[in-house]
Amino acid sequence: MQPDTIVLVHGFWVTPRSWENWIAHYENKGFRVIAPPYAGFEVEAEALNADPTRSRP
C-alpha cells in the first residue's frame, strides 16, 4: 500500500503558510497534505507581527 497523506511540520515562530507552495505541489500529485499550526500560533504571520503578545500560548 502506497502512502497517500503527507504531514508537513514547520519550525517554531513560523506558520503553516510557510508550506503553501509545497502543499500545492503535493496536492497536484494526488496526495492529501496536512500542515497543522503550532499550538497557540493559529493566526497568520501578519497578525503575529502586528501583535506579538498573540504568540504566547
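The model is predicted, so local features need pLDDT of at least 70 and side-chain atom pairs count only at pLDDT 80 or more, while totals for chains, interfaces and linings use all residues. Residues are numbered from 1 along each chain as its sequence is written, and side-chain values use heavy atoms, with hydrogens and water left out.

**Overall make-up**

The protein has 57 residues, and 21% of them are buried. Buried means under 20% relative accessible area, exposed means over 50%, and partly exposed lies in between, with a 1.4 Å probe and protein chains only. Its secondary structure consists of 2 helices and 2 strands, in the order β-α-β-α from the N terminus. Helices (H or I, at least four residues) and strands (E, at least two) are DSSP runs, numbered from the N terminus.

The accessible surface of the protein is about 4,500 Å², and carbon and sulfur atoms hold 55% of that surface. Such areas come from the Shrake-Rupley method with a 1.4 Å probe; for residues, only the protein chains shown count as cover. Among contacts with a separation of 6 or more, 53% join residues 24 or more positions apart. A contact means heavy atoms within 4.5 Å.

**The nonpolar core**

The largest nonpolar core has 5 residues: Ile 6, Leu 8, Ile 23, Val 33 and Ala 35. A core of this kind is a set of buried Ala, Val, Leu, Ile, Met, Phe, Trp, Tyr and Cys residues joined through side-chain atoms within 4.5 Å. In soluble globular proteins, nonpolar side chains tend to be buried together.

Ala 35, a member of this core, touches Leu 8, Pro 16, Trp 19 and Ile 23 when residues up to four places away in sequence are not counted.

**The aromatic cluster**

The structure has 2 aromatic pairs. Rings of Phe, Tyr and Trp (its six-membered ring) pair if their centres lie within 6.5 Å; planes under 30 degrees apart count as stacked, over 60 as edge-to-face and the rest as tilted. Trp 22 and Tyr 26 are a stacked pair, at 5.9 Å centre to centre with 25° between the planes. These two residues are 4 apart in helix α1 (residues 20–28), so about one helical turn separates them. Tyr 26 and Phe 31 are an edge-to-face pair, because their planes stand at 85°, with ring centres 6.2 Å apart. Together, Trp 22, Tyr 26 and Phe 31 form one aromatic cluster.

Trp 22 is partly exposed, with 44% relative accessibility. Tyr 26 is also partly exposed, at 24%, and so is Phe 31, at 29%. Leaving aside neighbours within four places in sequence, Tyr 26 is in contact with Ile 6, Phe 31 and Val 33; of these, Ile 6 and Val 33 belong to the largest nonpolar core.

**Distances from helix α1**

Tyr 26, Glu 27 and Glu 20 lie in helix α1. Glu 27 is partly exposed at 43% relative accessibility, and Glu 20 is partly exposed at 47%.

| Pair | Apart in sequence | C-alpha to C-alpha |
|---|---|---|
| Tyr 26 and Ile 6 | 20 residues | 8.1 Å |
| Glu 27 and Ile 6 | 21 residues | 9.4 Å |
| Glu 20 and Ala 35 | 15 residues | 9.0 Å |
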